[in-house]
Amino acid sequence: MSSESWPLRQDPESPVIISRSLVEDPSNLAFVVLDDDGDWFISDGNEFSEDMELNRDAFGALPLRDAVDLIPELAALAGLPTGMAADWDPERRAWLLSSVADSDDDDEDLLVRAARLAAWTHPGSPLEEVQVSTELAEISTDPAAPARAVRQVVREADGSWLLVGFQVPEDEDFEVEALEMEHAVTLYPDVALVLSAAPGQVYDRASADAPWELVEG
């Protein structure tokens, strides 16, 4: 893969931790994590244990370039924010995103949270939970898949948030996923324009390049 076509923002020679089983059979892919330092962890479903010998047996290291050659589906995660995980759905050929829970290192978690809060320039907190319609938390590897964009931003009466994508039909029930606010805004930067919404307000727009309009509240 040439440097001109390199899909990810991380250095192609940077090391990644990967399940050894994936080197033999990439179809065992289960999930990936992009940690707060921008390092990749690629797994067949196993996680690190407290037994270091088991970890050495289960996981190895590869340059990121080799991992992408082995698992080309990683290229679809070029815009994945740090601090997120992505579960692989082999039948739908899509990634389902989630915000990563705290680690086992409380002191490190406190430092990470403090840094995120200090860097946040929008109203509210980057750690606040946001409900998003399911397709907004999915990344398809199908190049013909429709572009993901937020159609509606709802600030509920209790102050919580809901983001609805264009693929959700009007006035129909839909499933949601939970993401942290920072991750939602990184994936959909134009949402930041309406984060000053008061409880009970709803912003909508006719297309992904149209301005937001206050339609309720």
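The centres of domain 1 and domain 2, taken over C-alpha atoms, are separated by 26 Å. These two domains divide the chain into residues 15-99 and 107-216 respectively, with bounds that come from an automatic or database domain assignment. The model is predicted, so local features need pLDDT of at least 70 and side-chain atom pairs count only at pLDDT 80 or more, while totals for chains, interfaces and linings use all residues. Residues are numbered from 1 along each chain as its sequence is written, and side-chain values use heavy atoms, with hydrogens and water left out.

In domain 1, 18 residues are in contact with 12 residues of domain 2, contact meaning heavy atoms within 4.5 Å. About 1300 Å² is buried between domain 1 and domain 2, and carbon and sulfur atoms give 61% of this area. Buried area is here the accessible area (1.4 Å probe) that two parts lose on being put together, summed over both. On the side of domain 1, the residues that lose the most area to domain 2 are Leu-96, Leu-97 and Ser-99, which together account for 34% of what that side buries.

Polar interactions also cross this interface. The rule finds 7 residue pairs in polar contact between domain 1 and domain 2, both residues being at pLDDT 80 or more. A polar contact is a pair of N or O atoms within 3.5 Å; within protein, one must be able to donate a hydrogen and the other to accept it, and residues adjacent in sequence count only if both atoms are side-chain atoms. The elements that give two or more residues to the side of domain 1 that touches domain 2 are strand S5 (84-89) and strand S6 (94-99). S6 gives the most to that side, with 6 residues. Strands (E, at least two residues) and helices (H or I, at least four) are DSSP runs numbered from the N terminus.

The whole structure contains 8 salt bridges, and the count between domain 1 and domain 2 is 1. A salt bridge is defined as a side-chain nitrogen of Lys or Arg within 4 Å of a carboxyl oxygen of Asp or Glu. Glu-138 forms a salt bridge with Arg-92, with the closest N and O atoms 2.9 Å apart. Arg-92 also meets Asp-89 in a salt bridge, at 3.8 Å from N to O.

The partners differ in accessibility, where buried means under 20% relative accessible area, exposed over 50%, and partly exposed in between (1.4 Å probe, protein chains only). Glu-138 counts as buried at 16%, whereas Arg-92 is partly exposed at 48% and Asp-89 is partly exposed at 25%.

Another salt bridge joins the side chains of Arg-151 and Asp-204 (3.9 Å, N to O). Because Arg-151 lies in strand S9 (residues 150-155) and Asp-204 in strand S12 (residues 202-204), the pair ties together parts that are 53 residues apart in sequence. Both Arg-151 and Asp-204 are buried. Salt bridges that share partners join Asp-89, Arg-92 and Glu-138 into one network.

The largest nonpolar core has 45 residues, and Ile-42, Leu-77 and Trp-95 have the most contacts inside it. Such a core is a set of buried Ala, Val, Leu, Ile, Met, Phe, Trp, Tyr and Cys residues joined through side-chain atoms within 4.5 Å. Helix H5 (residues 181-187) provides the largest share of this core, 4 residues. Domain 1 and domain 2 both give residues to the core, so it lies between them. Leaving aside neighbours within four places in sequence, Leu-77 is in contact with Leu-8, Val-32, Trp-40, Ala-86, Trp-95, Leu-97 and Ile-139.

Two loop residues complete the description. Val-194 is found in the loop between H5 and S12 and is buried, with a relative accessible area of 4%. Residues up to four places away in sequence not being counted, Val-194 touches Val-153, Trp-161, Tyr-203 and Trp-212. Arg-93 lies in the loop between S5 and S6 and is partly exposed, with a relative accessible area of 39%. Arg-93 has a positive phi of about 55° although it is not a glycine. Most residues other than glycine have a negative phi.
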